[in-house]
Amino acid sequence: MKPKKERSHVDFMKVNSPDEVVRVADMADEVWRDHYADILSEEQIDYMIDKFQSPSAITSQMVNEHYEYYLLDNDEAYIGYVANVKEKDSIFIRKFYILSQHQNKGYGETAIGKIKEI
């Protein structure tokens with residue numbers, strides 16, 4: 001029998017303050033520029049960030065659309081973020097990003113496990 005793979009540690013910190021919203025927006029900017037530069041123009045990335053991932057867009061989603069944002073923390077750094085919306089008896093994940101330097105380390109799998117527990 002294969003030994004069970006140990007999960008990487010991830011804490012969820014609910015985003016509440018304007019500073020935390022800015023931290024999420026900064027991560028979104030990094031993620032979008034890192035991952036989408038090969039398939040989208042810089043102008044399109046700028047538009048998408050402004051429309052959906054800027055501090056004002058994130059704040060609007062939280063206030064008007066009842067999004068809940070969480071910073072993902074591995075005890076050393078913020079490694080990504082998740083945004084979800086409760087719909088009836090379930091949670092719909094709207095955004096789920098892990099910074100590239102923290103990918104392939106098991107954080108995503110651990111985060112999904114915690115979301116399932118919720």
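Helices are DSSP runs of H or I with at least four residues, numbered from the N terminus. In this predicted model, Asp29 belongs to helix 1, which spans residues 18-36. The residue is partly exposed, since its relative accessible area of 27% falls between the limits of 20% for buried and 50% for exposed residues. Although Asp29 and Ile49 are 20 residues apart along the chain, their C-alpha atoms are separated by 6.5 Å.

Four strands form an open sheet in the order 1-2-3-4, with antiparallel pairing. Strand 1 (11-14) and strand 4 (90-98) stand at its edges, and because each has a single partner strand, one side of each is left without a neighbour in the sheet. On average, and with direction ignored, neighbouring strands of this sheet are turned by 30 degrees against each other. Strand 1 pairs with strand 2 in the antiparallel sense over four bridges, and the bridge partner of Lys14 in strand 2 is Tyr70. Helix 1 packs on the sheet, where it touches strand 1, strand 2, strand 3 and strand 4, and its direction makes about 105 degrees with that of strand 3.

The largest nonpolar core has 20 residues, of which Val15, Val24, Trp32, Ile58, Tyr69 and Tyr81 touch the most other members. Two or more residues each are given to this core by helix 1, helix 2 (42-53), strand 2 (68-73) and strand 3 (78-87), and the largest share, seven residues, comes from helix 1. When residues up to four places away in sequence are not counted, Ile58 touches Val21, Val24, Ala25, Phe52, Gln53 and Tyr69. A second, separate core of eight residues includes Val10, Ile98, Tyr107 and Ile115.

Terms used
Residues are numbered from 1 along each chain as its sequence is written. This is a predicted model: local features need pLDDT of at least 70, side-chain atom pairs count only at pLDDT 80 or more; totals for chains, interfaces and linings use all residues. Side-chain values use heavy atoms; hydrogens and water are left out. Buried means under 20% relative accessible area, exposed over 50%, partly exposed in between (1.4 Å probe, protein chains only). A nonpolar core is a set of buried Ala, Val, Leu, Ile, Met, Phe, Trp, Tyr and Cys residues joined through side-chain atoms within 4.5 Å. Contact means heavy atoms within 4.5 Å. Two strands pair if DSSP finds at least two bridges between them. Axes are lines fitted to C-alpha atoms, for helices over the stretch in contact, and angles run from 0 to 180 degrees between N-to-C directions.
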